Amino acid sequence: MQKYIGTKMVEAEKTENGYRVRYEDGYESFSPADVFEKAYMPLLANGCLKTEKPSISQRMVDDFIAFHEVKKLGRKTTIVRAVLRNGFEIVESSSCVSAENYDEMMGEAICMGKVKDKVWMLLGFLLQTAVNGTRGAATCPDDR
């Protein structure tokens with residue numbers, strides 16, 4: 001048999017022994033807590049939006065970054081390695097023109113801004129897949 005990967009959006013309620021899970025078609029099942037929490041992350045509301053539709057929030061982005069480390073490279077470059085909760089790693093860099101102006105905290109802030117932008121994109125991709133599956137309603141502008 002061929003192996004498949006995928007993701008979906010479900011409703012779940014934590015119980016004493018795990019999670020009661022309801023799928024989009026109404027089917028309900030039970031999942032042990034460790035299995036459920038490995039496969040799903042809570043969808044936290046983004047209060048900045050004008051819709052109730054599923055969305056990514058800043059808290060989700062921040063929480064998905066497990067940790068990061070900062071290194072100075074040479075005399076004017078900052079490197080940040082961020083490790084996400086699923087083990088994926090993002091590496092970003094920032095440099096200044098003059099070594100005299102180097103500020104590691106500023107370089108870290110610039111790098112973390114880039115990292116968070118990528119996490120927004122990755123979680124957005126994950127949510128889009130959960131909403132539409134892998135064969136959503138996307139169309140090419142030339143196909144209209």
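**Figure 1. Contribution of α3 to the lining of the largest pocket in the predicted model.** Helix α3 supplies seven residues to the lining of the largest pocket, the most of any element. Helices (H or I, at least four residues) and strands (E, at least two) are DSSP runs, numbered from the N terminus. At least two lining residues each come from β1 (11-14), α1 (33-39), α2 (58-64) and α3 (104-132). The pocket has a volume of about 970 Å³. Among its 31 lining residues, Thr7, Ala39, Tyr40, Met41 and Leu126 are the closest to the centre. A pocket is an open set of points on a 1 Å grid over the protein atoms alone, where a 1.4 Å probe fits, with protein on both sides within 12 Å along at least five of seven lines; lining residues have an atom within 4 Å of a point. Grid points are joined across faces, edges and corners, and a volume is the space filled by probe spheres set on the points. By class, the lining comprises 21 nonpolar, five polar and five charged residues. Here Ala, Val, Leu, Ile, Met, Phe, Trp, Tyr, Cys and Pro count as nonpolar, Asp, Glu, Lys and Arg as charged, and the others, Gly among them, as polar. The model is predicted: local features need pLDDT of at least 70 and side-chain atom pairs count only at pLDDT 80 or more, whereas totals for chains, interfaces and linings use all residues. Residues are numbered from 1 along each chain as its sequence is written, and side-chain values use heavy atoms, with hydrogens and water left out.

**Figure 2. The second largest pocket.** This pocket has a volume of about 170 Å³. Its lining is formed by Met9, Val10, Glu11, Arg22, Tyr23, Glu24, Ala130 and Val131. Five of these residues are nonpolar and three are charged, with no polar residue.

**Figure 3. The largest nonpolar core and Ile56.** A nonpolar core is a set of buried Ala, Val, Leu, Ile, Met, Phe, Trp, Tyr and Cys residues joined through side-chain atoms within 4.5 Å; buried means under 20% relative accessible area, exposed over 50%, and partly exposed in between (1.4 Å probe, protein chains only). Of the 15 residues in the largest core, Ile56, Ile65, Leu84, Val115, Val119 and Leu123 touch the most other members. Two or more residues of this core come from each of α2, β5 (77-84) and α3, and α3 provides the largest share, six residues. Beyond its neighbours within four places in sequence, Ile56 is in contact (heavy atoms within 4.5 Å) with Asn46, Val61, Trp120, Leu123, Gly124 and Leu127.

Figure 4. Thr78 belongs to strand β5 and is buried, at 0% relative accessibility. The side chains of Thr78 and Tyr102 are joined by a polar contact of 2.8 Å. A polar contact is a pair of N or O atoms within 3.5 Å; within protein, one must be able to donate a hydrogen and the other to accept it, and residues adjacent in sequence count only if both atoms are side-chain atoms. Asp103, in the loop between β6 (89-95) and α3, is partly exposed, with a relative accessible area of 38%. The side chain of Asp103 reaches the backbone nitrogen of Met106 at 3.0 Å. Although 25 residues apart along the chain, Asp103 and Thr78 have C-alpha atoms separated by 8.7 Å.

**Figure 5. Ser31 in strand β3.** Ser31 lies in β3 (residues 28-32) and is buried, at 12% relative accessibility. Its side chain reaches the backbone nitrogen of Phe36 at 3.5 Å.
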